[in-house]
Amino acid sequence: MYPDDQALDLLYDAIEEKRQPSWPEMKFHLQAQDTSLPGWAAIQELIEAAVNDQRKVFAPKKDLGPELWSQVLTLPPSIKNLKHVEKLDLYGSSLVRIPPEIGAMENLRQFIPYTSYGLHWFPYEITRCHHLRSSTVSTRALYGNYKLRQPFPVLTPVIAELAPARCSVCDGQIDPANFEQVWISLGMATDVLPLLVNACSSACVNVLPQSPEGYVLGPHKGGAKVLQPLPD
């Protein structure tokens with residue numbers, strides 16, 4: 001016995017409702033870091049000390065204490081100098097973004113932003129950390145994660161506050177008046193992460209790698225209308 005057209009319509013409506021959960025449009029956390037806070041000065045001093053002593057583990061909460069660590073919304077660009085760090089432990093942070101300079105942490109092997117619930121996405125530059133093999137991320141907070149399928153914020157118009165000086169893909173100079181922003185989900189270490197790409201041209205967007213099965217395939221501009229695979 002085959003279902004009639006009305007039954008099929010109801011079935012398809014139910015599938016589509018499950019496919020696209022009722023989410024509002026997501027918005028970026030664009031809070032500016034208050035650089036007058038003692039926590040900001042403390043994290044800069046801690047990075048300088050870690051560079052000088054060539055430490056392999058960088059765990060700000062342990063070194064700064066909860067109060068100072070809670071004042072840090074983004075890591076300073078100087079993390080690019082942490083060339084010897086193998087384990088970046090950002091457990092229990094108030095971070096809302098990671099700077100693209102993380103891509104210069106050439107010896108990074110473990111990335112632990114666990115219980116950092118304000119981190120919904122990461123910079124594409126993290127793909128330059130070629131030794132990264134282990135990650136512990138609060139995946140339910142991530143845009144596009146298979147558990148909840150939280151939608152990606154829309155990137156039209158581009159979010160100028162999140163545009164670096166150089167291309168995420170080729171490292172070429174970005175013209176602030178003429179660049180592209182897209183999302184892509186990629187496997188990094190032991191997780192699939194939503195990555196923000198700031199590209200200097202459409203050519204750089206076209207060479208982005210394939211997304212893994214079960215995620216939005218290829219680069220996209222985000223928004224609640226982007227169809228994602230069924231949530232678990």
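**Contacts of Leu90.** I count a contact when heavy atoms lie within 4.5 Å. By that rule, and not counting residues up to four places away in sequence, Leu90 touches Pro60, Trp69, Leu75, Leu95, Ile98, Phe111, Ile112, Pro113, Tyr114 and Ser116. A word on the source: this is a predicted model, where local features need pLDDT of at least 70 and side-chain atom pairs count only at pLDDT 80 or more, while totals for chains, interfaces and linings use all residues. Residues are numbered from 1 along each chain as its sequence is written, and side-chain values use heavy atoms, with hydrogens and water left out.

I then placed Leu90 in the loop between strand S2 (87-89) and strand S3 (110-112). Helices (H or I, at least four residues) and strands (E, at least two) are DSSP runs, numbered from the N terminus. Is Leu90 buried or exposed? Its relative accessibility is 0%, so Leu90 counts as buried; the cut-offs are under 20% relative accessible area for buried, over 50% for exposed and partly exposed in between, with a 1.4 Å probe and protein chains only. The C-alpha atoms of Leu90 and Ile112 are 5.6 Å apart, although 22 residues separate them along the chain.

**Thr74.** I found this residue in the loop between helix H4 (66-69) and S2. Thr74 is buried as well, because its relative accessible area is 12%. Its side chain reaches the backbone oxygen of Arg97 at 3.3 Å. Arg97 is also among the residues that Thr74 touches, along with Gln33, Trp40, Leu95 and Pro99, not counting residues up to four places away in sequence.

**Nonpolar cores.** For these I took buried Ala, Val, Leu, Ile, Met, Phe, Trp, Tyr and Cys residues joined through side-chain atoms within 4.5 Å. The largest core has 44 residues, and Ile43, Phe58, Ile102 and Phe122 touch the most other members. Helix H2 (38-53), strand S6 (180-188), strand S7 (191-199) and helix H5 (202-206) each give two or more residues to this core. The largest share, six residues, comes from H2. A second, separate core of 10 residues includes Met26, Phe28, Leu162 and Trp183.

**Aromatic pairs.** I pair rings of Phe, Tyr and Trp (its six-membered ring) if their centres lie within 6.5 Å; planes under 30 degrees apart are stacked, over 60 edge-to-face and the rest tilted. The structure holds eight such pairs. Why is the pair of Phe28 and Trp183 called stacked? The ring centres are 5.7 Å apart and the planes are at 20°, so this pair is stacked. Phe28 sits in the loop between helix H1 (5-19) and H2, and Trp183 in strand S6, so the pair ties together parts 155 residues apart in sequence. Tyr143 and Trp183 form an edge-to-face pair, 5.8 Å centre to centre with 70° between the planes. I also noted that Phe28, Trp121, Tyr143, Phe152 and Trp183 form one aromatic cluster.

**The sheet.** Here two strands pair if DSSP finds at least two bridges between them. Three strands form an open sheet in the order S4-S7-S6, with mixed pairing. Strand S4 (122-123) and S6 are the edge strands, each pairing on one side only. S6 and S7 run antiparallel and are joined by nine bridges. My last entry goes back to Trp183, whose bridge partner in S7 is Leu196.

How values were computed:
Polar contact = N/O pair within 3.5 Å; in protein donor to acceptor, adjacent residues only side chain to side chain.
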